[in-house]
Amino acid sequence: MSTPPTPAEQRPVPAPAGAGTVSRPGGPVVLSARGLTMRFGGFVAIDDVDLDVYEGELHALVGPNGAGKSTLLNLLGGQLLQTSGEIQFMGRSLGSSTPAVRARMGIGRSFQLTSVVPGFSCLENVVLAVEAQHRMLSLLRPRTRPSDLAHARQLLDLVGLGAQAHIPVEALGHGQQKQLEVAIALGGRPRVLLLDEPTSGLTEHERHSLGALLQRVARHATIVMAEHDVDFVRRIATAVTAFNLGRKIAEGSAKEVFETPEVKQVFLRSGD
Ligand SMILES: Nc1ncnc2c1ncn2[C@@H]1O[C@H](COP(=O)(O)OP(=O)(O)OP(=O)(O)O)[C@@H](O)[C@H]1O
Ligand SMILES: [Mg+2]
């Protein structure tokens with residue numbers, strides 16, 4: 001038996017909540033990186049990055065194209081292994097653990113519908129995701145456990161697709177597909193959910209719905225998302241870290257970060 005994980009660090013003084021402040025929940029740091037560096041050949045995509053994600057945060061990673069946001073998510077999720085530096089989850093080093101191991105530990109990653117099984121209903125897809133958290137032996141069970149089915153239904157309700165449970169996934173609109181992706185990612189009961197550009201391709205109306213959904217999800221799981229849409233980030237993120245050319249250039253509340261001269265300059269240049 002392993003010993004329970006210890007929080008890496010307690011935030012010493014909880015920041016006051018309110019518009020423009022970092023409303024960090026004051027909980028433990030769930031995910032942290034120190035000196036994280038990723039080189040592709042001679043190219044440094046992530047350059048000596050330190051990052052702390054507190055439990056319950058809706059933490060946005062922002063920056064222009066090529067800043068390193070997706071690379072960082074891939075390092076956190078284990079899809080890429082860093083050249084140097086360390087990532088800790090609940091105070092424990094993740095070492096070179098695979099994405100599957102990290103998923104079982106509680107780090108979930110949403111991929112754009114690659115996990116959706118065509119021909120199956122929304123509910124069936126979420127059930128598959130819920131069942132996938134069990135080990136092989138339980139996967140051989142001929143029938144879905146009632147508790148898994150109930151959990152899948154709860155997740156569909158949470159993302160606002162309760163009425164679409166029996167609709168084939170192909171029949172969903174783009175915004176609804178995004179909602180389903182979130183439900184599928186939550187199927188593994190992640191403590192931290194990593195999302196890459198959740199609003200891409202969504203209409204303004206769909207962005208609003210997704211924002212409200214992620215705020216609901218953040219009551220159950222910490223969210224780390226790479227996102228281009230500054231208005232969306234301003235609306236829902238409780239903490240923001242900005243990057244340029246692989247380097248961290250600012251961190252804090254959305255208000256603080258987007259008022260940082262270097263961030264303003266970089267966003268102005270990139271036209272974002
Ligand atoms: N597998 C790879 N091999 C070589 N270079 C890579 C690889 N993956 C990413 N890069 C480079 O690393 C840099 C950071 O890329 P990344 O995709 O992380 O940026 P991003 O901030 O997510 O950009 P975008 O906003 O366009 O999604 C880019 O210059 C990219 O070309
Ligand atoms: Mg990207």
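Helices (H or I, at least four residues) and strands (E, at least two) are DSSP runs, numbered from the N terminus. The views below show a predicted model, in which local features need pLDDT of at least 70, side-chain atom pairs count only at pLDDT 80 or more, and totals for chains, interfaces and linings use all residues. Residues are numbered from 1 along each chain as its sequence is written, while chains are lettered from A and ligands numbered from 1 in the order in which they are written.

**View 1. The shell around ligand 1.** Strand β2 (43-54) and helix α1 (69-77) each supply at least two residues of this shell. The largest share, three residues, comes from α1. Among the surrounding residues are Phe40, Phe43, Asn65, Lys69, Ser70, Thr71 and Ala226; a residue is near a molecule if its C-beta atom, placed from the backbone, lies within 6 Å of it. By class, five are nonpolar, six polar and one charged (Ala, Val, Leu, Ile, Met, Phe, Trp, Tyr, Cys and Pro count as nonpolar, Asp, Glu, Lys and Arg as charged, and the others, Gly among them, as polar).

**View 2. Helix α6 (174-186) and its cover.** Of the 13 residues of α6, 10 are buried, meaning that 20 or more other C-beta atoms lie within 10 Å of the residue's own; exposed means 12 or fewer, partly exposed in between, with C-beta atoms placed from the backbone. The buried residues include Lys178, Glu181 and Ala183. They are covered by elements including β6, α3, α5 (146-158), β7 and α7.

**View 3. Alanine 183 and its contacts.** Val126 and Ala183 touch the most other members of the largest nonpolar core, which has 73 residues. Such a core is a set of buried Ala, Val, Leu, Ile, Met, Phe, Trp, Tyr and Cys residues joined through C-beta atoms within 7 Å. Not counting residues up to four places away in sequence, Ala183 touches Val126, Leu155, Leu156, Val159 and Leu161; contact means C-beta atoms, placed from the backbone, within 7 Å.

**View 4. Valine 116 in a loop.** Valine 116 lies between β6 (107-110) and α3 (122-131) and is buried, with 20 other C-beta atoms within 10 Å. Its C-alpha atom is separated by 8.1 Å from that of isoleucine 184, 68 residues apart along the chain.

**View 5. The buried face of helix α7.** Leu210, Gly211, Leu213, Leu214 and Val217 are the buried residues of α7. Seen down the helix axis, they fall within an arc of 165° and so line one face of α7; the arc is that of the directions from the helix axis to the C-beta atoms. Glu204 and His205, on the other side, are exposed.

Note on methods: Two residues are in contact if their C-beta atoms, placed from the backbone, lie within 7 Å.
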